[in-house]
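Here is a short briefing for a first look at a protein structure. Keep the sequence and the 3D view open as you read.

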Amino acid sequence: MKKVLFMCVANSARSQMAEGIAKSIYLDFKIESAGSKPTKLNPIAVKVMNEIGIDISNNFSKDINSLNKKFIDELDYVITLCKEEVCPIIITNAKKIHLPFLDPAIDNLPEKELIKNFRDIRNQIKKKIIELKTIFEVSF
């Protein structure tokens, strides 16, 4: 079983959406997400994931240190998702992949535009996660 960790700073949107999408695609993988400065799960991320049939409402933002040590020690891939800030790093022998996405939670945007932002980032993340099948060496 391959083990994958998605990371961004707050573990509130991008890495949470990536975790949910990847779990829906790579059913036989162990997939987690974490952040260097976790905050709380963004409710708009939950909403836009529900739109595509993925429920992340029971997820919560977590720090890398709260993950199971065995999982961390056996990681195959660490995928960072930050674009405009410094992504968290982790000391591991896992293959590191950087997929830069803007943080969809832009301050001072009207709600309609904010939701559109989240949808756009969600769709971009989903596309990239599907493309990872060649790296993960799996077939659908």
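Predicted model: local features only at pLDDT ≥ 70, side-chain atom pairs only at ≥ 80, totals over all residues.

Helix H1 runs over residues 14-25 and is mostly covered. The structure also holds 11 salt bridges, and some of them are described below.

**Helix H1**

- H1 has 12 residues, and nine of them are buried.
- The buried residues are Arg14, Ser15, Gln16, Met17, Ala18, Glu19, Gly20, Ile21 and Ala22.
- What covers these buried residues? The cover includes strand S1 (3-8) and strand S2 (30-35), along with helix H2 (43-50) and H4.
- The length of H1 fits expectation: at 1.5 Å a residue it should span 16 Å, and its end C-alpha atoms are 17 Å apart.

**Arg14**

- Arg14 is found in H1.
- Is Arg14 buried or exposed? Its relative accessible area is 3%, under the 20% cut-off, so Arg14 counts as buried.
- Arg14 touches residues from several parts of the sequence, leaving aside those up to four places away.
- Among its contacts are Cys8, Leu81, Cys82, Lys83, Glu84 and Glu85.
- Its contacts also include Phe101, Leu102, Asp103, Pro104, Ile121 and Ile125.

- Lys116 and Asp120 join their side chains in a salt bridge, at 2.8 Å from N to O.
- Both residues lie in helix H4 (residues 111-131).
- They sit four residues apart, which is about one turn of the helix.
- Lys116 is partly exposed, at 48% relative accessible area.
- Asp120 is partly exposed too, at 30%.

- Within it, Lys70 pairs with Glu74, and their closest N and O atoms are 2.8 Å apart.
- Lys70 has a relative accessible area of 52%, over the 50% cut-off, so Lys70 counts as exposed.
- Glu74 is partly exposed, with a value of 34%.

**Glu32 and Lys30**

- The side chains of Glu32 and Lys30 form another salt bridge, at 2.9 Å from N to O.
- Which burial class does Glu32 fall into? Glu32 is buried, with a relative accessible area of 15%.
- Lys30, its partner, is partly exposed at 34%.

Conventions:
Residues numbered from 1 in each chain as written. Heavy atoms only, no water. Helix = DSSP H or I, 4+ residues; strand = E, 2+ residues; numbered from the N terminus. Buried < 20%, exposed > 50% of the residue type's maximum accessible area, 1.4 Å probe, protein only. Contact = heavy atoms within 4.5 Å. Salt bridge = Lys/Arg side-chain N within 4 Å of Asp/Glu carboxyl O. Expected span 1.5 Å × (residues − 1).
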